[in-house]
Amino acid sequence: MSLETPPYVEFATTTAYSFLRGASTPGEMALRALALGHPGIGIADRNTVSGVARALAALRRFEEEMEAEGVTLPPFRLLVGARLVFADDTPEILAYPTTRYGWGRLTRLLTTGNLRTTKGNCELRLGDLLEFLEDMQLIVATPTSDALLRQLAQAAPGKVWLGAAMLRQGRDARRLAALREQAALAGVPLIAINDALYDGPESRPLHDVMTAIREKTTVQAAGRRLTANAERHLKPAAEMARLFAAAPEAIAATADFMGGIVFKLEDLSYTYPHEPVPYGYTPQGWLEELVWSRASDLHPQGIPEKLTRLLTEELGIIGQQGYAAYFLTVHDIVQWAQIQGILCQGRGSAANSAVCFVLGVTAVDPMKHNLLFSRFISTERKEPPDIDVDFEHERREEVMQYIYSRYGRERAGIAATVIHYRSRSAARDVGKALGLSEDVTARLASTVWGSYASEYDRNRCIEAGLDPDNPTIARVNHFTGTILNFPRHLSQHVGGFVLTQDRLDETVPIHNAAMEKRTFIEWDKDDIDTLGLMKVDILALGMLTCIGKAFAMIETHIGRQYQLSSVPGDEEDHRSNPPHVRAVYEMLQKGDSIGVFQVESRAQMNMLPRLRPERFYDLVIQVAIVRPGPIEGDMVHPYLRRRQKIEDVIYPSPAPPHDRDELRGVLGETLGVPLFQEQAMRLAITAANFSDAEANQLRRAMATFRNVGTIGSLHSKMVNGMVARGYEKDFAERCFQQIKGFGSYGFPESHALAFARLVWVSAYIKHHYPEVFAAALLNSQPMGFYAPAQIVRCAQEHGVEVRTIDANHSEWDCTLEPNPKGALALRLGLRQISGFRENWAEQIKAHRPYTNLEDLARRASLPQRALNLLADADALHSIGLDRREGLWEARRTPTGELPLFAAARARELGEEPHAALPAMPLSEEVAADYQTTRLSLKAHPMSFLRPVFAAEGVLRCTDLAKTRNGKRVKVAGVVLVRQRPGKGNAIFVTLEDEGGIANVVIWARLFETYRRPVMAARLMLVEGLIQHSPEGVIHVMAQSIHDRTPELKRLSEVHEAEPQLSRADEFVRPQHPRNVRVLPRSRDFH
Amino acid sequence: MREGAAPPDAAFALIAKQRGAQRIMALSPAALALGLSAGMMLADARALEPDLPAFEHRPAADHALLLRIVESCERYTPMVAPDRDDALVLDLTGCFDSLGMDEDAVRGDLVTWLARRGFRALAACAGTPDAALALARFGKSTLRELPVAALGLGDDAHLALKRAGLRTLGQLADRPRAPLAARFGKAMSIALAHLLEEQDRRITPHRTLPPIWVEQRFAEPMATVKPLLGVIEWLAGQARDVLVARGRGGRRYEVSLFRTDGHVARLAVDSGLPLREPADVVRLFRERIESLADPLDPGFGYDLLRLAVPLHEDVSEGQDRLDEENSGKPDLAPLLDRLQVRFGAECVHRFAPRDEHLPEYADRLVPPASIPQPWPQPEAGEPPLRPLFLFDPPQPVTVLAEVPDGPPRRFGWQGRQHRVVRQEGPERLAYPWWKTVEATGPTRDYYRIEDSDGRRFWLFRHGLYGSEKADPRWYLHGVFA
C-alpha cells in the first residue's frame, strides 16, 4: 500500500453461506482481503451469520501456519454482520454490530425473522429492524427512496451509511453522483462497497454455474440473471480509490465504519448454565461434593486408593480449566433420564473418566480396565471436553424435550449440520446447469466426481460411456470438484445441544427445524468448537432400547435387577472369570452373535472365531477392528497373526539414541499394531516428533480429510519425521495410510470402549436370558442387523419355546409366558403383523377373552382391516378359526357399528351353510405366514422343496461342516443378506435353509457372469468349493449361481403371477438386511 | 413398438418418473423373459441387466395409438370402444351377415389385419364384452378356467379369494352366490354375472364427432374439383353462425371429402388468429389446394363434404372506432396466415428479444404466432443504453484513450476523425465462457459517446488492458439514432 492510497475495507461480501449466491467460502474471502493488504474485512451473508465462524477459523489456522514458519501477520480485523434482506420493500441493509450487545440485537433480529417462517427461510420487516437496531451500524446497499433513507437515519442517528458501488455497468458515474446527492440530502455519509460475490475474478464462471443452479436453469439460458462481468470481487485499495476518484470520502468512510465497531467474534464469552448447581455452591464445589459422595456410595468400605488418586487428578484439571459446569450439566441430563428409567451411556474423550463413571454417565469402570491413555481432556487443546450420550432410541425425544423445558427454548438449541454438496448431487446440479441432458447427468452422477478424480475414476467415467477429456465433461468435473467444498443448506444435527446461561438467541440466531417442536441454531459443531461453546450430544441408540426392555422383563419375570454397570463383567484378571462370564465369551467365540450389539454383522461374525475374545478389552478391539480404517491400513491381519501367536510381537524401533521401546507404551495393548485414532496421534507425537499443535493439526486433518488438502504436507512431515528417527520407511508409510483411513471412518478407542460395554451387556443377556433377549429385540424393531425370522430362529436354537401370534394371547409387544417346563416361552406380539396398529392391539387386550369373530370385532371395536390382518396372520386359532376360515368369516363381519345398535342385537349375522372351503396345504400356510409376519413357526419354506433339491444332490447347510475342505458342493436356500463391502472385490451372500445358514463368497469376476441370479434370486442355488478356515468358519466359494426363485411358487397350490423382486440388495440401493422379505408382501392387500 | 427405436425382439423398458425415482411401466416380451417385471425401479432392473435400454413411457401417445386402431376397426362395425390402455371391444351383433363372415372368421381376419400393421393381438369372442375381454386377456378358452383376477375387483378381493382357496370362475360359479355377495359386495355379483354371460353390458362407441361441424350431401356425386370451393364457402358461412353464437373463432378448419368408393380425403388449414369469415377460410383452402403435391382425385365423385372446426378459441371482439372507420393499422394476421400457408410455417419469422448481455445475442427469430415479448425499455428518465443500429461485424476503429480503462478521447473511422465531447462508460461485458471450449476470451468495455458534431456512437475496447491484451483493439459496434 503506497502512502497516498487510503485504506479500504470491504463490507459488502456475499459468501458461500448465502447459499448459491456467493462463490467463495468465508475463509477464502478473509484470506484474500488479508493478502490484498486490507486492514480488515466484513462478512455479511443474507440473513445469516452461519459463515462467520468459518472465516475466523480460517484466519486462525493461517495465522498458526504462518507462525510456524516464523511469519508475523499485519493486524487484520474480522468484522461480522449480516446482509438483511427484507420481505417488504425495505432495501437490503448490511448490518454490523458495534458491541457485544449489538451482536445480541442482530441475532435476535434474525431469530425473529427465522421463527416467523419455515425452515430455511427468514422473513424480516422494517419494523423488526427498527426494534433491534441499537448498537448496530447500517449500510443501505440497494436503491431506496429518500423518505426511507431519512427514516432510517433518524431511527439510528450517526449509524447509517449509504452504500455506493462502481460495478462498471455503464452509468456508474451518473449513479454515483445521484447517490452522493441523495446521501447529502438525507444527511448520511456515503460509503464505498464493491458488493463482492467471490474473492477473485477467476471465480466468475463458478458463480455463473451457481446462479444457474439457483435459478433452476442452465448457464446458456440464464441470460441477464448472470452478472455481466467479473467485477464482483475483492479489489485492491488502489483500484477502489481510482474507481471512487469522484467521491474519495466514500473510501475514507470504510475506515470510519470499521473504527466504529469494537465487537469481535471472540467476545462471545460463554457462560455455562447454572441450573444444576444448588444455591450457595460454586460449580466446582458442587461437582466435588457430588463426586466424593457418589464414590463413597459405590465403595461403602472406603474409596480405593487408585480411585481417589484418579478422581483428585481429574477434578484438579476440571477446576483448572473451569469445566465443572459442563460435567454438572451432562450429569443433570443423565440423572433425569435415569430417574425416568431411560437407559443411557456416555462416550467420548471425557466420558471415560473416573468422574463420569462415578457420576453414572458411563458404565465402563476405569478401575477395572487398563485403558490405554489418560482418557481425558487434553489441556493443550484448550477445547471443551466432549461427551456424547446415547439414549434409548424410542425415548430420546423425551430427553430432548426435557432439555428444552429445563433450559428454555431461548437458551437451548440443537446445533446445525452444514449439509455440503456430495459428489453425486454436485455432479447432477452442475451437469444440469451446464445444459447436459437428464440421462447424461444421471450417468454422470453414477460415477465418482470431483477434483480427486484418479485413474480409477477416469475409468469409471469411461465405463459410464463418457469421455473424461470431452471439454464439457472436464468442465463438469472441474466445477463439481470446487462446489464440493460448498455448503448447500443447513440442517439440524442429530442431537448436539448447545446450552447457555444467557439467552442463546443473543449469541446465535435460531431457526425452526423441519421437525415439529424442534429449533436449531445456525452454527455447526466446528463453529461451536471455534467459538468455545458447550455442546452435549444427545444421541439415539436402538440397542439401549432393547437392553432397557430386556432389563424390565428380567425384573418382572425373573425378579433380578440389572443396570448397565451392574451386569457382571470380567475381573481385573480375566483368567479368574467365573463360569457364567466365561460361558458368554465362549458363545461369542463361536460367532453366535445374532442380535448382539455391533458384532452381529457377517464380517464381525467371521472375525469373532478368529479373534476369540476372552476379556473386555478384546471386545473393544473387536468393535474397532472390523472397520474401513484398520482394513484399509492393512492392520487387521498383522494383529490377528500376532494374537494367534503365528507372528512375534515386535515394536518397530527408532535408531539410537532414541528409546528402543518408545512405541511399547503406545501400541502395547494392541500387540504393536495401531488400531485406534488416539494411537495414530500418539504415534505421530512419539515417533515422528510432532508437537502438540501439529498433532492437533493432524487430528483436524483426519476429521476433514476429504475436504482439506493439508494432509499432503502432514504426510511428508510424518514419514520424514519417522524415517529421520530411524524407523523403516515402509512402516512409516503404513502408519500414515492408516491415519488416512481413519479420516473418513475414524473410530477412537474412547467410543469403542463405550460400545464394547454394550456388546458385553447384550451378549450376557443373550446367553443367560435368550427368551428375554429375543423378545426385547423384536419389541425394539427396527434396529439391529437381522430380520425377525432370524431372531426367532436363533432363539429357538437357544432352546426357547416360541408361540404363535394369537388374538386371545398376544399383546402388541412380544411377551413372555410361563410354560409347563417352568421356563419362559416367547409369545409373538401383534406388532409382528405388517400393517397392524398399536391401538387395535390395546383394544383387543382390554376385552379378552373372545369366543368368536363377531364378538372380537364388536367388543374390541375393530375395523375390518384389523380382522383381515388377524385372520391372514393366522392369529385366530384360539377362537377356533384357521387362516382360511378366519378370512372367510372376517370378510362378512360387519364393523364400525354404532354402540347402541351393537347392544340391541346380540348376534346379528345369520347362520350360513358351512362354506366347505378346500383345506389350505401346509406349504401355502408357510408362504402366507412369511407374507404377513415375515416368519413362520410352522416350517421353513425350504423343507417343502427339499425333495426337489435332494434329487439334484443339493446338500443341507448343516451338512457343510461335515464336508471336507475343497470338495465341490451344491447348496441352496433363501437369500438373507447380499453385501458387497469395501472395494467390491467379492460379494457375500448368506443363504438359509431349514437347518441352518451357508456363507457364500462370489468373486467380482464371477459376478459379471452371474449378475442376474446373484442380484435377483430370492431362492438361490450355489455350486462351489468348500473352504474351512482354521477357526471353523465355513465358506462356499461359488463357481456357479442359479436363480431358483420360481420354485417358491410350488408353495402355493396354484401357480401365480411371478411376485416382485425382493430387495435384499445392499448395493443397488442401500437396503438393510433386516428389512429383507423372503417372500414379498401379498401385494396391496394391506 | 414406437418409432423404430428398438428391434421387435429386443429387451427394453418403458419408464416413468414417480416420486423422484424412475420406475418401469412396461417391458418388451424379451425383457419380461429376462425375469424383469413392471413396477420395478429402473435402478434395480439395471442392477440385473446393466444395459437394459429404457425409453420414456408416454401413456398419451399409447392411447392415441390405441384410438387409431379403434378407428381402423370401424371397418367391421361402428360399435368399437377402447378398453383400459391395451384392449378394444367390438360389438358385432348383427354384423356377421353384412361382413359375410362368422365369429371365428372375423376374429382371424382382425388378428391378421392387425399383424400386417405390426401389432400382435389376442382376440376372443363371447356373449358379453367382459367375458370376451377376460378370455383374451388371460388366454383361456372357457370361462370356467378364468382366474378370479378376471373379475377386476382389485387386489384385495383377489387375494381374499385366493386365500379362501377359490381361484377360478368355475369354483365361484359352483358356489351359492349369497355368501359371496355378503363378503365381496354387489360389485362381485355384477362382475360375475357379466363374465358368466348372465347379464350383458353395452359399450360406448369411441367415435366422437368434432364439436362444430357442418356437412353437405350431394344427391348426384360431384365429379370435378372446381365447385368444391363454393361448397366450402357455403359450409364456412354455416360454421360462422355457430362460431359467432358461441363467441368463438376457428384456429383449424378441416374438410373431409367422402368419395363414393369409401375413400376419405382430408384437408386441414391452420390460422394464427381465430378466424370466422368464410372468405378468409376459403382463401386458406384455395392456397392449400393449389399447393397440394398430389392434386385431389375425385374418382367417381364425392357424395359428402364435411367441414369441421376441431380447434377454436375465444374471440375478443376488438372495439372498432366510434366513427366506424377502421383504425388504419394494417392487420398483419391475414398476411402472416397467407405467407405461412404458401411458404410453410417454418419460413416465416419475427424478431423477439432474448435475455442476453452481449448485444449480438440479444435477439432471436420466433414463429410469428408466438406471443411477442416486450423489448426491454430503459428505466424512466434513463437514455437508451443500447443503439438502434448494430454493425455486424463491429467496425474496427482507431482510438486514443487513457490506459488502463479510460474512455476514448478521439477516434478514427472510415478515414474520418471524431473528437469525443461526451462519454459514458464503461459498461463491462465479460466473455461468455460457456460458449467455447477455451472458455476464455476478451472482455469488452462499452462506451456511449458523442462527437463534436453531436453524433452518438457505441464503441468498445476489446480486451482488458494489461491483464488480457497488451494493446486492446477498439471497435464501433453501433450508432444511436
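Both Glu231(A) and Arg428(B) are buried, a class that covers residues under 20% relative accessible area, with exposed meaning over 50% and partly exposed the range in between (1.4 Å probe, protein chains only). Glu231(A) and Arg428(B) form a salt bridge in which the closest N and O atoms are 2.8 Å apart, where a salt bridge is taken as a side-chain nitrogen of Lys or Arg within 4 Å of a carboxyl oxygen of Asp or Glu. This pair crosses between chains, Glu231(A) lying in the loop between helix H8 (219-222) and helix H9 (237-243) of chain A, and Arg428(B) in strand E14 of chain B; helices (H or I, at least four residues) and strands (E, at least two) are DSSP runs, numbered from the N terminus.

The model is predicted, so that local features need pLDDT of at least 70 and side-chain atom pairs count only at pLDDT 80 or more, whereas totals for chains, interfaces and linings use all residues. Residues are numbered from 1 along each chain as its sequence is written, chains are lettered from A and ligands numbered from 1 in the order in which they are written, and side-chain values use heavy atoms, with hydrogens and water left out.

Between chain B and chain A, the contact (heavy atoms within 4.5 Å) takes 54 residues from chain B and 61 residues from chain A. The two chains bury about 5,100 Å² between them, 50% of it on carbon and sulfur atoms, buried area being the accessible area (1.4 Å probe) that two parts lose on being put together, summed over both. On the side of chain B, Arg163(B), Arg183(B) and Trp433(B) lose the most area to chain A, together 18% of what that side buries.

Twelve salt bridges are found across the interface of chain B and chain A, including one between Arg174(A) and Glu382(B), whose closest N and O atoms are 3.2 Å apart. The side of chain B that touches chain A draws at least two residues from each of helix H2 (42-48), helix H7 (155-163), helix H9 (177-195) and strand E14 (416-429) of chain B.

Over all chains, a search of the whole structure finds 95 salt bridges. One of these joins the side chains of Glu202(A) and Arg32(A) at 2.7 Å, N to O, and this pair links distant parts of the chain, with Glu202(A) in the loop between strand E6 (190-193) and helix H7 (204-214) of chain A and Arg32(A) in helix H1 of chain A, 170 residues apart. Arg32(A) is partly exposed, with a relative accessible area of 26%. A further salt bridge connects Arg395(A) with Glu398(A), the closest N and O atoms being 3.0 Å apart; Arg395(A) is partly exposed at 22% relative accessibility, as is Glu398(A) at 34%.

His38(A) lies in the loop between helix H1 (26-35) and strand E1 (40-46) of chain A and is buried, with a relative accessible area of 4%. Leaving aside residues up to four places away in sequence, His38(A) touches Tyr8(A), Glu10(A), Ala33(A), Phe76(A), Lys235(A), Pro236(A) and Ala237(A).

A search of the whole structure finds zero disulfides over all chains, a disulfide being a pair of cysteine sulfur atoms within 2.5 Å. Cys344(A) is in no disulfide, and the nearest cysteine sulfur, that of Cys356(A), is 11 Å away. Cys344(A) counts as buried, at 6% relative accessibility.
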